[in-house]
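Please open the model in a viewer and keep the selection panel at hand. The stops below are given in the order in which they may be selected.

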Amino acid sequence: SRTTRRAEDGRLEVGGLAVADAVAEVGTPVYLLDEVDLRARAREFAEAFDGWRVYYAGKSFLCTAVARWVAEEGLGVDVCTGGELAVALRAGVDPAVIGLHGNNKSTAELEAALDAGIGRIIVDSGHEIDRLERLTRERGTTARVMVRVTTGIEAHTHEYIATAHEDQKFGFSIASGQAMAALLRCHESDTLELLGIHSHIGSQIFDTQGFEMAARRILGLHADVRDTTGAEMPEMDLGGGFGIAYTTLDTPSSPAELAGSLRRIVEHECRALGVTVPALSIEPGRAISGPSTMAVYEVGTVKPVVVDQGVERLYVAVDGGMSDNIRPALYAAEYSATVANRASDADPRLGRVVGKHCEGGDILVRDEFLPADIAPGDLVAVPASGAYSRSMASNYNHVPRPPVVSVRDGRLRTLVRRETLDDILALDAG
Ligand code: LLP
């Protein structure tokens, strides 16, 4: 994060506070969130995409305080369940700038969205359109909808987080004509107000060409709808997915670069197609929450393991693992690690940061050089742990989930408290 630095005494600092001092108060493992950094990233998106609406994707990490902060920085919130919706509403986010996603929203979730009067519901299947039409008719109300489409773009990212190729569960495919049919269906409905087309091509994407290609295909369809119905849809959304640096090898584009290239493409295409430029929106999650947070663990054991003739690796086991960050195990995601509580003159050694869970795949950082004298009691910080870590955390092996603590101007604030064994045992009916 932006306020992370190595102090002269060799200790890692964030938000004007030594990580070791923060940990002395709140314990490990912990997600330390740099409020200034998260707000700055949200604001940069809002400024770069000035005139567009930016929805923060809550799935990457959501709690009441963060929902409030991004709203204060001028963003809306994209939610994809009734739970995320409840958090955004509790934070006081204006319902007009909340959008609800999901490929299988329950009736209760749709009802909650209608009750709150949120700005848009992104519909994803014929059954959902039926359900929403029935609910709005029963209530004598209307709903603003966008239609999620599949553009057929093969985003360069892990298969499990690519979402716009044909053979997957999201959206209506453009190629098959299903997208057009769904758009016409919503256009003709007397209780659904069709806002426009929505596309999300995947996540952790660096190459802006994928977004540009998606924008072209959506605008083509947008113009087809105009040609068929005579009406222009007012909006269009390009989803999220903007990649971040997990290791020094990754090189993300800035919000300004992204905005520039997307704006050019959209304006150019609209001119070529003879349509008015619709009100555009995007939904970044990871690019706002990811870099803001470091996970901090305490080292419990260090074990040299011979991995090949003469080659040794230090297995550094910490007090967390795949229950607080499933991403390395699930997507082979790469992270870096650094000793936070001190500097070391010891030689760097090839290491691997592993967790405390009962499987070999319980790896947090697959390959990292760590000081040869790393020892139990040392603190290990894993940067860029703010997106899809706490939000995907589990209680595997009955391990309580770590807290999220923000730091700003040297002061700590608990945003999400540490789960306790009592919390977990309370669910067990005995
Ligand atoms: N909008 C929609 C409709 C989405 O499905 C997503 C992410 C986003 C926006 C935000 O994407 P972002 O800007 O955060 O990349 N758990 C995976 C990522 C799953 C993303 C799901 N959808 C991971 O840890 O990499």
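Predicted model: local features only at pLDDT ≥ 70, side-chain atom pairs only at ≥ 80, totals over all residues.

Beyond the neighbours within four places in sequence, Ala179 is in contact with Val147, Val149, Phe172, Ser173, Ile174 and Leu221. Ala179 belongs to helix H7, which covers residues 178-188. Is Ala179 buried or exposed? Ala179 is buried, because 25 C-beta neighbours lie inside 10 Å, where 20 or more are required.

**The whole chain**

The chain contains 12 helices and 21 strands. Its radius of gyration is 23 Å, close to the 22 Å that the globule rule gives for 430 residues, so the chain is as compact as a globular protein of that length. The C-alpha trace spans about 70 × 50 × 40 Å along its principal axes. Of the 430 residues, 47% are buried. Among contacts with a separation of 6 or more, 69% link residues 24 or more positions apart.

Where they touch, 16 residues of domain 1 are in contact with 16 residues of domain 2. Which elements give two or more residues to the domain 1 side of this contact? They are helix H11 (327-331), strand E20 and strand E21 (411-416).

In soluble globular proteins, nonpolar side chains tend to be buried together. The largest nonpolar core here has 113 residues, and Leu32, Val77, Val147, Val296 and Val380 have the most contacts inside it. Helix H8 (residues 208-229) supplies the largest share of this core, with 7 residues. Domain 1 and domain 2 each contribute at least three residues to the core.

Not counting residues up to four places away in sequence, Leu32 touches Val14, Val19, Ala22, Thr293, Met294, Val296, Val405 and Val407.

**Strand E14 and its partners**

Strands of a sheet pair through backbone hydrogen bonds, either parallel or antiparallel. Select strand E14, residues 293-308, and display its pairing with strand E4, residues 30-34: the two run antiparallel and are joined by 4 bridges. Within this pair, Val30 has Val296 of E14 as its bridge partner.

Strand E19 also pairs with E14, again in the antiparallel sense and through 4 bridges. Ala295 stands opposite Val382 of E19.

Move on to strand E15, residues 311-318, which pairs antiparallel with E14 over 8 bridges. Val305 faces Arg313 of E15 in this pairing. The hairpin of E14 and E15 has 2 residues between the strands, and Gly310 takes a positive phi near 75° there.

**A three-stranded sheet**

Select strands E1, E2 and E3. They form an open antiparallel sheet of 3 strands, in the order E1-E2-E3. Strand E1 (5-6) and strand E3 (17-18) are at the edges with a single partner strand each, so one side of each has no neighbour in the sheet. Strand E2 (residues 12-14) is joined to E3 by 2 bridges, with Glu13 opposite Ala18 of E3.

**The annotated binding site**

For the last stop, select Gly241, Glu283, Pro284, Gly285, Arg286 and Tyr388, which an unreviewed UniProt entry marks as "binding site".

Arg286 lies in helix H10, residues 286-289. Arg286 is buried, since 25 other C-beta atoms lie within 10 Å. Apart from neighbours within four places in sequence, Arg286 is in contact with Ser60, Ser203, Gln204, Ile244, Ala387 and Tyr388.

Tyr388 is placed in the loop between strand E19 (379-382) and strand E20 (404-408). Tyr388 also counts as buried, with 24 C-beta neighbours inside 10 Å. Which residues does Tyr388 contact, leaving aside its neighbours within four places in sequence? Its contacts are Ser60, Arg286 and Arg327.

Terms used. Residues numbered from 1 in each chain as written. UniProt positions renumbered as here; feature names shortened; annotations may be inferred. Buried ≥ 20, exposed ≤ 12 C-beta atoms within 10 Å, placed from the backbone. Contact = placed C-beta atoms within 7 Å. Rg over C-alpha atoms; globule rule 2.2 N^0.38 Å. Core = buried A, V, L, I, M, F, W, Y, C linked by C-beta atoms within 7 Å. Domains from an automatic or database assignment. Pairing = 2+ DSSP bridges.
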